[in-house]
Amino acid sequence: MEATAMGHADSHGHGHQPTGLMRWMTTTNHKDIGTMYLWFSFAMFIVGGCMAMTIRAELFQPGLQLLEPERFNQMTTLHGLIMVFGAIMPAFVGFANWMIPMQIGAADMAFGRLNNWSFWLLIPASILLVTSLFVPGGAPAAGWTLYPPLSVQLGMGMDLAIFAVHILGISSILGSINIITTILNLRAPGMTMMKLPMFAWTWLITAFLIIAVMPVFAGAVTMLLTDRHFGTTFFSASGGGDPVLFQHVFWFFGHPEVYIVILPGFGVVSQVISAFSRKPLFGYASMVYATASIAILSFFVWGHHMYTVGMPVTGQLYFMYATMLIAIPTGVKVFNWISTMWRGALTFETPMLFSLGFIFLFTMGGFSGLVLAMTPVDVQMQDTYYVVAHFHYTMVAGALFSAFAGAYYWLPKWTGHMYDETLGKIHFWLTMIFFNMTFFVQHFLGLAGMPRRIPDYALQFAEFNKISSIGAFGLGLSQLLFLYVVIKCIKGGPKAEAKSWDGATGLEWDLPSPAPYHTWETQPLVK
Ligand code: CU1
């Protein structure tokens with residue numbers, strides 16, 4: 001059977017296929033839905049990036065210039081919420097939609113209509129988040145962590161954000177149910193669990209994390225909502241509640257959330273390193289167990305975000321040692337990536353460059369995490385720019401770099417064309433340089449005592465802030481090059497081989513590029 005181009009009616013007699021907007025609104029095809037997730041996430045990445053550049057413009061020099069302090073805090077809040085829930089998570093759900101069925105030899109995701117619904121829920125949620133800027137009182141200005149008592153007192157923008165969080169939670173839980181069911185039930189004969197590509201494994205574990213903690217976050221913001229409007233006092237000491245309770249519940253969600261954001265990226269990098277080393281992944285089984293260990297440990301370390309709330313010393317000690325334990329499985333992973341490259345036939349195309357950048361920078365973010373895990377150190381650095389530097393090394397150099405690695409790696413598969421390698425490499429180096437220019441100096445700002453979430457600062461911090469802001473503008477503008485490379489690749493370019501990279505292995509590469517509209521038509525392993 002000839003593969004039919006994406007979007008055209010197939011010749012199997014499944015009847016009329018809608019075109020245009022109706023096709024995208026009604027599609028149940030995992031590739032269409034994956035494409036929508038990826039474009040949506042890029043759009044949110046631009047929106048969240050503009051907010052980041054607004055923040056850095058305000059901080060370019062001491063004194064207030066662009067924004068009122070309330071608007072500044074609204075920017076930091078929305079930047080965080082939009083990047084985590086609108087940009088990074090949907091990007092990896094997009095990758096999952098595109099690649100997991102092909103990687104395991106399945107015809108599609110298990111629940112096509114649920115998949116469609118999971119995506120389209122994102123649109124109202126993102127509209128709620130962005131329009132909160134324009135309601136009386138503006139967007140919530142409590143930071144993405146939404147701590148009470150401030151979050152109880154803020155205006156109706158907070159309610160819009162709470163509703164958005166509920167919708168985003170439903171979307172990601174439904175997506176996770178779909179991914180788990182697909183991987184557990186739709187694997188081709190012979191595709192045993194311990195043969196799953198690492199990307200599928202990391203997503204399986206991530207999906208369980210999402211199902212475990214998104215309801216916890218939804219519960220926390222619902223309690224916030226009833227405190228705001230229905231007279232409860234969960235988080236109000238005046239009514240017998242405790243604002244610190246919110247922090248416990250939030251971070252019981254929030255710490256696993258950082259692994260939700262990064263684990264699928266670990267999977268992408270594992271596959272890319274293996275392909276460009278022309279060697280199988282070193283320590284496959286240990287990689288699976290390390291991923292699972294990280295996920296399990298992530299439930300027991302939330303207190304490291306709140307050492308300074310007045311926690312007993314025994315609690316601080318427990319959370320300190322538990323947090324440091326995570327370095328062990330993470331070290332196993334880094335060891336395996338480097339051992340995979342050892343004596344490999346290495347080449348350095350763009351996906352490999354982003355993966356190497358990922359290993360180097362994410363390891364730095366891991367080490368600054370170990371620094372912050374030490375209670376006495378964290379007490380000094382709590383809420384300083386050192387923390388901001390640390391988590392941007394894990395979120396940007398971790399999640400974003402691995403997303404770029406995956407995008408460049410699979411673009412030929414998705415579009416049928418090779419992207420412009422020279423421009424890809426330029427995009428990598430610009431991103432690498434400007435990323436470090438933006439965030440490396442923030443370690444120094446933090447160590448010197450500059451607080452986060454403050455629109456102004458003392459003169460002593462001026463130089464490093466100027467460097468950081470210039471870096472941020474460069475980092476933002478460099479991403480327009482990525483957009484150009486992607487559009488150019490979709491529109492044309494050298495035809496991609498089915499197997500775009502000579503070191504790539506796995507079922508996904510047995511299919512022609514671009515992947516046919518229905519995978520099973522050319523998928524020999526599915527009977
Ligand atoms: Cu954490």
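The axes of helix 2 (residues 30–58) and helix 3 (residues 69–104) approach to within 7 Å and cross at roughly 155 degrees. Helix 2 is therefore roughly antiparallel to helix 3 (angles over 145 degrees count as roughly antiparallel). Axes here are lines fitted to C-alpha atoms, for helices over the stretch in contact, and angles run from 0 to 180 degrees between N-to-C directions. Helices are DSSP runs of H or I, at least four residues, numbered from the N terminus.

This is a predicted model: local features need pLDDT of at least 70, side-chain atom pairs count only at pLDDT 80 or more, and totals for chains, interfaces and linings use all residues. Residues are numbered from 1 along each chain as its sequence is written, and side-chain values use heavy atoms, with hydrogens and water left out.

The crossing of helix 2 and helix 3 is left-handed (the near helix is turned anticlockwise from the far one by less than a right angle). The residues of this contact comprise 23 nonpolar, 12 polar and two charged. Nonpolar means Ala, Val, Leu, Ile, Met, Phe, Trp, Tyr, Cys and Pro; Asp, Glu, Lys and Arg are charged; the others, Gly among them, are polar.

Two helices can be checked for length.

At helix 2, a side-chain oxygen of Asn 29 comes within 2.7 Å of the backbone nitrogen of Lys 31. Asp 420 caps the N-terminal end of helix 16, with a side-chain oxygen 3.1 Å from the backbone nitrogen of Thr 422.

Helix 16 bends by about 30 degrees at Met 437. The bend is the angle between axes fitted to the seven residues ending there and the seven starting there. After helix 16 comes Gly 449, with a positive phi near 105 degrees.

Pro 148 to Pro 149 is a cis peptide bond, omega near 10 degrees. Pro 149 sits in the loop between helix 5 (122–131) and helix 6 (150–153). Leu 146 is also found in the loop between helix 5 and helix 6. Leu 146 is not a glycine, yet has a positive phi of about 55 degrees.

Key:
Parallel < 35°, antiparallel > 145°, perpendicular 65-115°, else oblique. Polar contact = N/O pair within 3.5 Å; in protein donor to acceptor, adjacent residues only side chain to side chain.
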